[in-house]
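User: I've got a fold open on my screen and would like to talk it through. Can you take me around it?

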Amino acid sequence: MKVFAHRGASGLYPENTYAAITAALELGVDGIEIDIQSTLDGFAVIHDTWLDRTTNGQGKVNKLTLAEVQQYDAGDGQFVPSLEQVFQWVNDRVLLNLELKHTFALDKLVKLIEHNVYSGQLSRENLLISSFDHHQLKWLKQHLPWVKIGALTSSIPLSYCEFAERLNAYSVHVDKNFINDEYVADAKARNLKVFAYTVDKQEDIEDMIAFGVDGIFTNYPSKAQTLLLQK
Ligand code: G3P
Ligand code: CA
């Protein structure tokens, strides 16, 4: 079972920041999940549409430039990273899962990804793009056919994983509370990986191991790593 640091090692450091991302790398995680919001001129790594919860700024991220967003404190003296900065910090060492939030200018995103692939800072294998917005995923798969996409869902649709199979997705990213044996069996039959979010409690981690999911997103990667070592 792969362990993804959710928003970096966000149980230990401010979410989606350099501190959380480098801590996750030091822990030896398999992957890092980060959230992407569009700014006026690029892509910021921040979960919310608004600055207010995670920084000392106020207002909507997409009404500001990256430089304006980056002037605020994201906790413990950290700043809101740009996507380009995260590509540099991670430097292709682990699987990087970009979760698209209010992300537009997807053509610019494709160009940024291609630039990082050509420069050798990111390999195709180490990129996974997920979103609750499956129209965005469909567009990305059409314009960047090699990219791995993860279909996010917060429920179990009646058709189980048919929606993800139709998108030619690599994985389904599912709320841990909706995972059961049937769901995992259905995903496996369709050749889809199952990644569960957000799995922090010991008993939930144990349940996910028992269900046979392929990976979990967790704010406390070392807890999951320790449990996996005991298995
Ligand atoms: O990508 C899984 C999970 O992060 C989705 O929910 O709100 O934590 O971004 P959220
Ligand atoms: Ca997320």
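User: What share of the 231 residues in the protein chain is buried?
Analyst: This is a predicted model, so burial here is a count of neighbours: a residue needs 20 or more other C-beta atoms within 10 Å of its own. Taken over the 231 residues of the protein chain, the buried share comes to 42%.

User: What radius of gyration does the protein chain have, and what would a compact globule give?
Analyst: Along the principal axes, the C-alpha atoms fill a box of roughly 45 × 40 × 35 Å. A compact globule with 231 residues would come out near 17 Å, and the protein chain agrees with that, at 17 Å.

User: How confident is the predictor, and where in the protein chain is confidence lowest?
Analyst: The mean pLDDT of the protein chain is 97, with 100% of its residues at 70 or more. For the complex, the predictor gives an ipTM of 0.99 and a pTM of 0.97. Strand S1 (residues 2-6) has the highest confidence, at 99, while the lowest, at a mean of 95, belongs to helix H6 (residues 162-166).

User: Which annotation does UniProt put on residues 1-228?
Analyst: The protein chain holds nine helices and nine strands. Over residues 1-228 it is 34% helix and 21% strand, and the end C-alpha atoms sit 8 Å apart. According to the UniProt record, an unreviewed entry, that stretch carries "domain: GP-PDE".

User: Which residue in S4 is the bridge partner of Asp35?
Analyst: S4 pairs in the parallel sense with strand S2 (residues 31-38) over six bridges, and with strand S5 (residues 127-131), also parallel, over four. In the S5 pairing, Leu96 has Leu127 as its bridge partner. For Asp35, the partner in S4 is Glu99.

User: And strand S7: which residue in S8 stands opposite Val174?
Analyst: S7 (residues 171-175) is mostly covered, with four of its five residues buried. Strand S6 (residues 148-153) pairs with S7 in the parallel sense over four bridges, and there Leu152 stands opposite His173. S7 and S8 run parallel too, joined by five bridges, and in S8 the residue opposite Val174 is Ala196.

User: How many residues does the largest nonpolar core have?
Analyst: Ile32, Val172, Val194, Ala196, Val213 and Ile216 have the most contacts inside this core. Take Ile216: leaving out residues up to four places away in sequence, its contacts include Met1, Phe4, Ala196 and Met208. The core as a whole has 63 residues.

User: Why does Arg190 count as partly exposed?
Analyst: Arg190 is in the loop between helix H7 (181-189) and strand S8 (193-197). The cut-offs are 20 or more C-beta neighbours for buried and 12 or fewer for exposed. Arg190 falls in between and is partly exposed because its count within 10 Å is 15.

User: Which residues does Arg190 contact beyond its neighbours within four places in sequence?
Analyst: Start with Ala164, which is 26 residues away from Arg190 in sequence but 9.0 Å away in space, C-alpha to C-alpha. For contacts, set aside the neighbours within four places, and Arg190 is left with Cys161 and Glu165.

Methods. Residues are numbered from 1 along each chain as its sequence is written. Chains are lettered from A and ligands numbered from 1 in the order in which they are written. This is a predicted model: local features need pLDDT of at least 70, side-chain atom pairs count only at pLDDT 80 or more; totals for chains, interfaces and linings use all residues. pLDDT is the predictor's confidence in each residue, from 0 to 100. Helices (H or I, at least four residues) and strands (E, at least two) are DSSP runs, numbered from the N terminus. Two residues are in contact if their C-beta atoms, placed from the backbone, lie within 7 Å. The radius of gyration is taken over C-alpha atoms; the globule rule is 2.2 Å times the number of residues to the power 0.38. A nonpolar core is a set of buried Ala, Val, Leu, Ile, Met, Phe, Trp, Tyr and Cys residues joined through C-beta atoms within 7 Å. UniProt positions are given in the numbering used here, feature names are shortened, and annotations may be inferred rather than shown by experiment. Two strands pair if DSSP finds at least two bridges between them.
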